[in-house]
Amino acid sequence: MDSSTAAHSWYLGRNLEGFLVYLQRSEEHKIFQNFLDKILPDEFARIGEGKSDLNFLSIGSGGGEMDVHMIAILQSKLKQGTNISVDVAEPSESLIDNFKALVAKSPNLQKIQFSWNTLSSEKYEEKLKNSKETKKFDFIHMIQVLNHVTDCLETIKFFHSLLAERGKLLIIHGAVNNGFHILWKTFQQELCKKSISEYFSARDVKCHLEKLGLKYEEHIINNTLDITECFIEEDKTGEVLLDFLTDLDHFHQSLTADLRANILNVLRNKCSTEKNGRILFDSSVSAFLVYA
């Protein structure tokens, strides 16, 4: 399967269902928003100083919740009357529709010009390269995108090249030795078959940034996902989470009994901790703030 197909399939059907359960059970958006509230106000003030127009690019926006939050921070730091344009690239039509619904009910977003692209990051990159005009962006974010591209280094290089003066690229990616890293590296041959052909951790992203000679800051965002139901036989929530964590359509039907047991053992004993009788999977991430 090529990367563009993989990207389109990642948040469809059962994967989308798993993603939504993941967001609910991990409180990822809340954790990310708390981090962004600390780091983005000063950054946006510096980026927007003296500018009458500001371009914002969202790669892999999901349902738009994080974008709406970031745009609100941005607006609070810009002088009144600053024009903001937002370009969105997200391969899931369902998630794009969710983003549009958020915009429709947010009064502060009504004067912002949105450009909607139901495309993977690579298809959007191709579209920009084929365009006669080269648009520069003051802020670009890529949240959990880089495991769904063919060439991580070239993807970073391209989108970094789109930054305007004083612009910033925010990359949020799975932390080194978090639960996903351990699970997917341990069972790479068995799991890297559908949406992800090879798992990259924040260590790989860091190596690419340094190879490209880019200046960056790294911040660790600690988070957990409650996966207790994954170990309860025939629990529907557990089944959906197992499918999401392993990128399988039906975890129990897709694997042999021995392989299932091995994966569950690693999930419980190497990827997670236990607290108050609950099993908490480590879903921590690294946030890289990359300078223009």
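**Notes on the pocket and helix packing**

1. By class, the lining of the largest pocket has three nonpolar, eight polar and two charged residues, where Ala, Val, Leu, Ile, Met, Phe, Trp, Tyr, Cys and Pro count as nonpolar, Asp, Glu, Lys and Arg as charged, and the others, Gly among them, as polar. This is a predicted model, in which local features need pLDDT of at least 70, side-chain atom pairs count only at pLDDT 80 or more, and totals for chains, interfaces and linings use all residues. Residues are numbered from 1 along each chain as its sequence is written, and side-chain values use heavy atoms, with hydrogens and water left out.

2. The volume of the largest pocket is about 290 Å³ (a pocket is an open set of points on a 1 Å grid over the protein atoms alone, where a 1.4 Å probe fits, with protein on both sides within 12 Å along at least five of seven lines; lining residues have an atom within 4 Å of a point). Among the 13 lining residues, Gly81, Thr82, Asn83, Ile84 and Lys111 are the closest to the pocket centre. Strand S2 (residues 83-89) supplies the largest share of the lining, three residues.

3. The axes of helix H6 (residues 121-130) and helix H7 (residues 152-161) come within 11 Å and cross at roughly 45°, the axes being lines fitted to C-alpha atoms over the stretch in contact, with angles that run from 0 to 180 degrees between N-to-C directions. H6 and H7 are therefore oblique to each other (angles under 35 degrees count as roughly parallel, over 145 as roughly antiparallel, 65 to 115 as roughly perpendicular and the rest as oblique). On the H6 side, Ser121, Tyr124, Glu125, Leu128 and Lys129 meet Thr155, Phe158 and Phe159 of H7, contact meaning heavy atoms within 4.5 Å. This contact of H6 with H7 has four nonpolar, two polar and two charged residues.

4. H7 also packs against helix H10 (residues 202-211), their axes coming within 10 Å and crossing at roughly 55°, which makes H7 oblique to H10. Cys152, Leu153 and Ile156 of H7 make the contact with Val205, His208, Leu209 and Lys211 of H10; by class, five of these residues are nonpolar, one is polar and one is charged.

5. Helix H8 (residues 179-186) and helix H11 (residues 236-246) pack at an angle of about 70°, with their axes 10 Å apart, and are therefore roughly perpendicular to each other. Here Phe180, Leu183 and Trp184 in H8 meet Phe244, Leu245 and Thr246 in H11, a contact of five nonpolar, one polar and no charged residues.

Definitions and conventions: Helices (H or I, at least four residues) and strands (E, at least two) are DSSP runs, numbered from the N terminus. Grid points are joined across faces, edges and corners, and a volume is the space filled by probe spheres set on the points.
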